[in-house]
Amino acid sequence: MTALLFITVVLAWGFTWFAIKLQLGIVAPEVSILWRFALATALMWAGLAATGRLQRVDLRQHGWFAAMGICLFCVNYILTYAAIGHIASGVASVIFTTVTIFNPLNQWLFRGERPSRRVLSAALLGMVGIVILFGETFAGVAVDAGTALGVALQLAAALVFSLGNFASLRATANGTNLPNAVTRAMTWGTVCLALFCEARGAAFVIDPSPGYLLSLLYLAVIGTIAAFLAYLSLVARLGADRAAYVTVLYPVVALAVSSAFEAYHWSPWSITGLALVGLGNIVLFVRLPPNRAVALETRA
């Protein structure tokens, strides 16, 4: 089950970068994010009601639902889109892999669970691999005030996302199941996004083209509902430190999608980076069997 959840998140988020690209144009980016989460929220409420799984929750839990929603479904995305205004999306996706560092540190800070050498080694391998994968992109980045701002914004997005991981653990601590917690959190996040769009004076319009509508459906159902439920299930099962490794793997899927649909060409550097990411995955998840003692007979 854990492997299925992991694959679901990596594939779902790996395709989101291409889907987001299909939405660029008529609609302001922040409004597209709002439509994505508004649709996902409506589908979650409808699904829970239709299946009889809607739970009553303690009003006091809404503080954690709000923290979870604002971090995961609002501020994280606002900061990422703002960062992409200053740096390339490929660079932004690389910087976001720092979640693999923030999560173990926050887990240590908030839960007193010290990160293991295995987790830290895997995170380091994965991040180095991702940097090599996107090395050519980094080589073309001019270091100036705008770039520095973009890097800072994306680091802040990774930190906020990490904090949302731990808010999700508190949001479900009193017995609220994950779908009900996510639904409430997503509602808070959507309200926050709507207020942000209103404050910016963004036009609440929608692009009726098939490409936009299909990408919106994918982002809401697969990229949001399926991916976040699977990811937060991993956080609960594995711990935030190990679950965060999906942020290293899904950019690799995004590159594979680019090679299929956008003529991305693999170079020796990108292949080396991919190998390091794979090695990090092995370090993190593959456990060697215990050494078996070999009985040696001695002759008298």
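Trainee: Before we dig in, what should I know about the model and the numbering?

Mentor: It's a predicted model, where local features need pLDDT of at least 70, side-chain atom pairs count only at pLDDT 80 or more, and totals for chains, interfaces and linings use all residues. Residues are numbered from 1 along each chain as its sequence is written, and side-chain values use heavy atoms, with hydrogens and water left out.

Trainee: OK, rings. How many aromatic pairs does the structure hold?

Mentor: Nine. Rings of Phe, Tyr and Trp (its six-membered ring) pair if their centres lie within 6.5 Å; planes under 30 degrees apart are stacked, over 60 edge-to-face, and the rest tilted. Take Trp13 and Phe228: they're edge-to-face, 5.2 Å centre to centre with 70 degrees between the planes.

Trainee: Where do Trp13 and Phe228 lie?

Mentor: Trp13 is in helix H1 (residues 2-23) and Phe228 in helix H10 (residues 210-238), so the pair ties together parts that are 215 residues apart in sequence. Helices here are DSSP runs (H or I, at least four residues), numbered from the N terminus.

Trainee: Are Trp13 and Phe228 buried or exposed?

Mentor: Both are buried. That means under 20% relative accessible area, with exposed being over 50% and partly exposed in between (1.4 Å probe, protein chains only).

Trainee: And what about Phe37 and Tyr77, what sort of pair is that?

Mentor: Their ring centres are 5.1 Å apart and the planes sit at 70 degrees, so that pair is edge-to-face. Phe37 belongs to helix H2 (residues 29-50) and Tyr77 to helix H3 (residues 62-84), so this pair ties together parts 40 residues apart in sequence. Phe37 is buried at 0% relative accessibility, and Tyr77 is buried too, at 12%.

Trainee: Which rings get linked into a cluster?

Mentor: Ring pairs join Trp13, Phe37, Phe73, Tyr77, Phe96, Phe161, Phe228 and Tyr231.

Trainee: Let's go to the nonpolar core. Which residues have the most contacts inside the largest one?

Mentor: Trp13 and Tyr231, in a core of 60 residues. A nonpolar core is a set of buried Ala, Val, Leu, Ile, Met, Phe, Trp, Tyr and Cys residues joined through side-chain atoms within 4.5 Å. H10 gives the most to this core, with 11 residues.

Trainee: What else does Trp13 touch?

Mentor: Skipping its neighbours within four places in sequence, Trp13 is in contact (heavy atoms within 4.5 Å) with Phe161, Gly223, Ala227, Phe228, Tyr231, Val246 and Tyr250.

Trainee: How does the lining of the second largest pocket divide by class?

Mentor: Eight nonpolar, no polar and two charged. Ala, Val, Leu, Ile, Met, Phe, Trp, Tyr, Cys and Pro count as nonpolar, Asp, Glu, Lys and Arg as charged, and the others, Gly among them, as polar. Among the lining residues are Trp64, Phe110, Arg111 and Arg170.

Trainee: And how many cavities are there of 30 Å³ or more?

Mentor: Three. The largest cavity holds about 40 Å³ of space, and its lining has six nonpolar, two polar and no charged residues. H1 and H2 each supply at least two residues of that lining.

Trainee: Last topic, single residues. Where is Thr183, and what does it contact?

Mentor: Thr183 is in helix H9 (residues 178-200) and is buried, with a relative accessible area of 0%. Leaving aside neighbours within four places in sequence, Thr183 is in contact with Thr41, Met44, Trp45 and Leu48.

Trainee: And Leu11?

Mentor: Leu11 is in helix H1 and partly exposed, at 42% relative accessible area.

Methods
On a 1 Å grid over the protein atoms alone, a cavity is a set of points where a 1.4 Å probe fits but cannot get out, and a pocket is an open set with protein on both sides within 12 Å along at least five of seven lines; lining residues have an atom within 4 Å of a point. Grid points are joined across faces, edges and corners, and a volume is the space filled by probe spheres set on the points.
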